[in-house]
Amino acid sequence: MSQQHISSSAESPLEALRARLKRLHRTNGEPSTRTIASRIKVVSHTTVHSVLRCEKEPRWGQLELVVEALDGDIEEFRQLWVAVRDAHDQHNQTTNVVSSAIDSINTPRNLHYEPPSAVVIDYDTDLSETFPVYSKSINITHGDLSHLNVKVAELSQERDDLAAQLQTATTTVADAHAKIEHLQRVLRDIWPIAGHSLLGHAGHVTSVEFSPDGRLLVTAGEDGTVRMWDPTTRQPIGDPLTSHDGAVVGVRFSPDGRLLASASWDGTARLWNPTTRKPIGGSLKGHAGAVTEVEFSPDGRLLVTAGEDGTVRMWDPTTRQPIGAPLTSHNGGITGVRFSPDGRLLVTAGEDGIMRMWDPTTRQPIGGPLASHTGPIVGVRISPDGRLLVTASEDGTVRIWDPDTRRPIGDPLTSETDAFLGISNFFDSRLLATAGWDGTVQLWDLATCQSIGVPLTVHGRPIFAVALSPDGQLLATVGWDGTARVWPSPHL
């Protein structure tokens, strides 16, 4: 009876919190959990659903976000949540006391009970391995019951001590989670103003790339230069690379980091030694117009260039000689080109809003064109595990594809502000960033198809490119305002 009473009183504050949440949800027109999640931007709709159902004590950070999204009184709900937490703690303490009291009761001596002449307790050998204290069978005769009571008391005390330690550990973990959620909220608030400007280019900065080991950051600009930076100190490394006669609009490291390729509006591509910062051989010529993109195959044996002439060309980076005939199935300039991680697939995207897949060995198309964007595609990326293919477009959408089935996955991700201008590399096969005409950068979690945090808005002018460091710790942006910026990544 007493245990039922304890349970009922412990659940009363939780029921009050659940009822208040229900009223708040109703007064806001009962928006869907996906709608609420889209307002919050940092939790999934399943988390919102769990908070609204309130079947158990919610985390304060998650409850606070949901209440805030529904324009509720934060302080009112904080008091309700504290009452739930206190009742839960009191329930646990009372339960421990009751359990200890029950365990301490011995068999009353005035009961006329004749025990058997012997009690034999045998423990399975598997248990003896787990609990060495019971490594032998215990033979307890009818005269040893007093000794058994002492042993029960000792074990009960040990159990209670462990339960108390567990309760303390659980409380510590809960406090740590609350602190982590608070710090994450603070980080999301301050990260848009935490960027460090890299100054040196004259004119728009058009491209940015981290080296595979994350020790170098490379930027390219309208001034025809390629510049190298230490992403940790934010200081330039050496003099700028200056062998192009026009704006440099694309840079790409080889997989081993020993080569750097650049694409320019002067109609050429070039290879560089990142260590010496010197060009390797002469320029690569073949496009009838600006070269817009460069890409290495995963094994580093192929270099691919794409151009405004609508062609894609393959080169041997060692001999700097062209390989085979160009790929020519796009109507208009090529704006994106990427290899799959295993090198068996080459994907191209263009101003025509079309994406195409190719076999890089035979240089033949795989299937027909894939058209799902209503504007030019500004970039294409493939996740490190090869399971996701992503395209971003000036139509303000990001689409996720299955490279094997060539079909889109789910609904497109939609910009809440303006058209996209660039898309970053992946981090951890699920996280990437987009850059927009309105000067914002948005992080996305493709596992949940949700945006992460608030957009970064400090450039104030169109952002042309964005990149994530290999360890996911840094985010780099370049834009119209003539600067490159390095930011701490807010997803951590």
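This is a predicted model: local features need pLDDT of at least 70, side-chain atom pairs count only at pLDDT 80 or more; totals for chains, interfaces and linings use all residues.
Colleague: Where do Phe 464 and Trp 480 lie?
Modeller: Phe 464 lies in strand β31, residues 463-468, while Trp 480 is in the loop between β32 (474-479) and β33 (484-488). The pair therefore ties together parts that are 16 residues apart in sequence.

Colleague: Is Trp 480 buried, exposed or partly exposed?
Modeller: Trp 480 is partly exposed, at a relative accessible area of 32%.

Colleague: Which other strand is joined to β33?
Modeller: Strand β3, residues 196-198, is joined to β33 by 3 bridges, and these two also run antiparallel. There, Ser 197 stands opposite Arg 485 in β33.

Colleague: How many residues of β33 are buried?
Modeller: 4 of the 5 residues of β33 are buried, so this strand is largely enclosed by the rest of the structure.

Colleague: Switching to the sheets: what's the strand order in the open sheet of 4 strands?
Modeller: The order is β13-β14-β15-β16, with antiparallel pairing. The edge strands are β13 (291-296) and β16 (321-327), and each of them pairs on one side only. From one strand to the next, the twist averages 20 degrees.

Colleague: How many bridges join β15 to β16?
Modeller: 4 bridges join β15, residues 312-316, to β16, and the strands run antiparallel. Met 314 stands opposite Ile 323 in β16.

Colleague: OK, salt bridges next. How many does the structure hold?
Modeller: The structure holds 8 salt bridges. One of them joins the side chains of Arg 252 and Glu 295, at 2.6 Å from N to O. Arg 252 lies in strand β8 (residues 248-253) and Glu 295 in strand β13, so this pair ties together parts that are 43 residues apart in sequence.

Colleague: Are Arg 252 and Glu 295 buried or exposed?
Modeller: Arg 252 counts as buried, at 19% relative accessibility. The cut-off for buried is under 20%. Glu 295 counts as buried too, at 2%.

Colleague: What about the salt bridge of Arg 78 and Glu 75?
Modeller: Their side chains meet at 3.7 Å, N to O. Both residues lie in helix α5, 3 residues apart, about one turn of the helix. Arg 78 is partly exposed at 33% relative accessible area, and Glu 75 is partly exposed at 43%.

Colleague: Which residue forms a salt bridge with Asp 86?
Modeller: Asp 86 forms one with Arg 85, the closest N and O atoms being 3.7 Å apart. Asp 86 is partly exposed at 41% relative accessible area, and Arg 85 is partly exposed at 31%.

Colleague: Last topic, the largest nonpolar core. How many residues does it have?
Modeller: The largest nonpolar core has 19 residues, and those with the most contacts inside it are Leu 17, Leu 21, Leu 52 and Leu 63.

Colleague: Which helices supply it with at least two residues each?
Modeller: α1 (2-27), α2 (33-40), α3 (45-53), α4 (60-69) and α5 (74-104) each do that. α4 gives the most to this core, with 5 residues.

Colleague: And what is Leu 17 in contact with, leaving aside its neighbours within four places in sequence?
Modeller: With those left aside, Leu 17 is in contact with Cys 54, Pro 58, Leu 63, Phe 77, Leu 80 and Val 84.

Terms used:
Residues are numbered from 1 along each chain as its sequence is written. Side-chain values use heavy atoms; hydrogens and water are left out. Buried means under 20% relative accessible area, exposed over 50%, partly exposed in between (1.4 Å probe, protein chains only). Two strands pair if DSSP finds at least two bridges between them. Axes are lines fitted to C-alpha atoms, for helices over the stretch in contact, and angles run from 0 to 180 degrees between N-to-C directions. A nonpolar core is a set of buried Ala, Val, Leu, Ile, Met, Phe, Trp, Tyr and Cys residues joined through side-chain atoms within 4.5 Å. Contact means heavy atoms within 4.5 Å. A salt bridge is a side-chain nitrogen of Lys or Arg within 4 Å of a carboxyl oxygen of Asp or Glu.
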